[in-house]
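Subject: Structure handover

Hello,

Here is the structure I promised. Please open it and read the notes alongside.

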Amino acid sequence: MGRYLIRRLLQAIPVLLGVTIIMHYLVFQLPGDPLQALAGDKRVDPTVAAVLRERYHLNDPWIVQYWNYLSNALTGDFGSTYTGREVADIIANRFPVTLKLALTAFGIEAAIGIVAGVFSALRKGGFVDNLTLVSTLFLISLPTFVSGSVLQLLFGVEWPVLPIAGTDDGWPVAYIMPGFVLASISMAYISRLTRTSMMEVMKADYVRTAIAKGLTRRRVIGRHALRNALIPIVTFLGVDLGFLMGGAIITEAVFNLPGIGGQLAESLHLREQPVVVGLITLLVLIFLAANIIVDMLYAVLDPRIRYE
């Protein structure tokens, strides 16, 4: 297990390097002048523009700019925006908001999705099963900005039980509604995946043997069936955590949350390479870490799985 973990960590290095190269190059190729984008409709003074281009090495070729960024990043310096704000400060201020939102959505989709899927599988063809299938199809078909607006109207205006926007109420109150919206589509997929996985496991020989031995239904489901049915679900959850972090742009915009999603969109518009590459690198790190944790959990859920 230890050698496998070390191998996975070493494999993450070229992935990170490749991501930074691709993102830095794509931002470099964006049309327009980043200094003019920062100034808006106003004309940038040529003297000021020359000073800024020299300070931020904008006149250098792409490969030189990337090398400067990479060498500084290895020392912990992720650069600064064209207004002089440090990228590390932006990440420190914005990342906790997105992390709280993603973890809230992760908990909601895991809890509701797995429970709904299990009950649906155990009551195939019944009311709970049909309700789960219809509701999950509805959630998958509903765009995020629509579900967010509907929940704001219902639980923020008609029945004001949750805040409509912002983070003034703190965690978890301010994150329950946007967390549910962000988790809604993934929650529907998890519910259907759990239902299918549980139905297959309940037909397995070892489950029938456990039932024949006289074990209680709760023990058969919890100890034998659910544990093995969770393997594909854990895989989906591990991958989805990275997507939750990166896919929070619309949710953060709807609920006016100052997370990295809005910052990433703004930095792309302004062609701020250090900010874009720094945020994307952070998201990739989370994605890689989640996948490594999932691989470790495989051996916990199924002792037959071993990594050499």
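Below are notes on one helix, the aromatic pairs and a surface patch.

This is a predicted model, in which local features need pLDDT of at least 70, side-chain atom pairs count only at pLDDT 80 or more, and totals for chains, interfaces and linings use all residues. Residues are numbered from 1 along each chain as its sequence is written, and side-chain values use heavy atoms, leaving out hydrogens and water.

Start with helix 4, residues 62-73. Helices are DSSP runs (H or I, at least four residues), numbered from the N terminus. Trp 62, Gln 65, Tyr 66, Tyr 69, Leu 70 and Ala 73 are buried there. Buried means under 20% relative accessible area, exposed over 50%, partly exposed in between (1.4 Å probe, protein chains only). Ile 63 and Trp 67 are exposed, on the face turned away from the buried side of helix 4.

Next, the rings. The whole structure holds three aromatic pairs. Rings of Phe, Tyr and Trp (its six-membered ring) pair if their centres lie within 6.5 Å; planes under 30 degrees apart count as stacked, over 60 as edge-to-face and the rest as tilted. Trp 62 and Tyr 66 are stacked, 6.0 Å centre to centre with 25° between the planes. Both lie in helix 4, four residues apart. Trp 62 counts as buried because its relative accessibility is 18%. Ring pairs also link Tyr 25, Trp 62 and Tyr 66 into a cluster.

Last, helix 6. Phe 127 sits in helix 6. Phe 127 counts as exposed, at 66% relative accessibility.

Best wishes

Note on methods. Helix = DSSP H or I, 4+ residues; strand = E, 2+ residues; numbered from the N terminus. Expected span 1.5 Å × (residues − 1).
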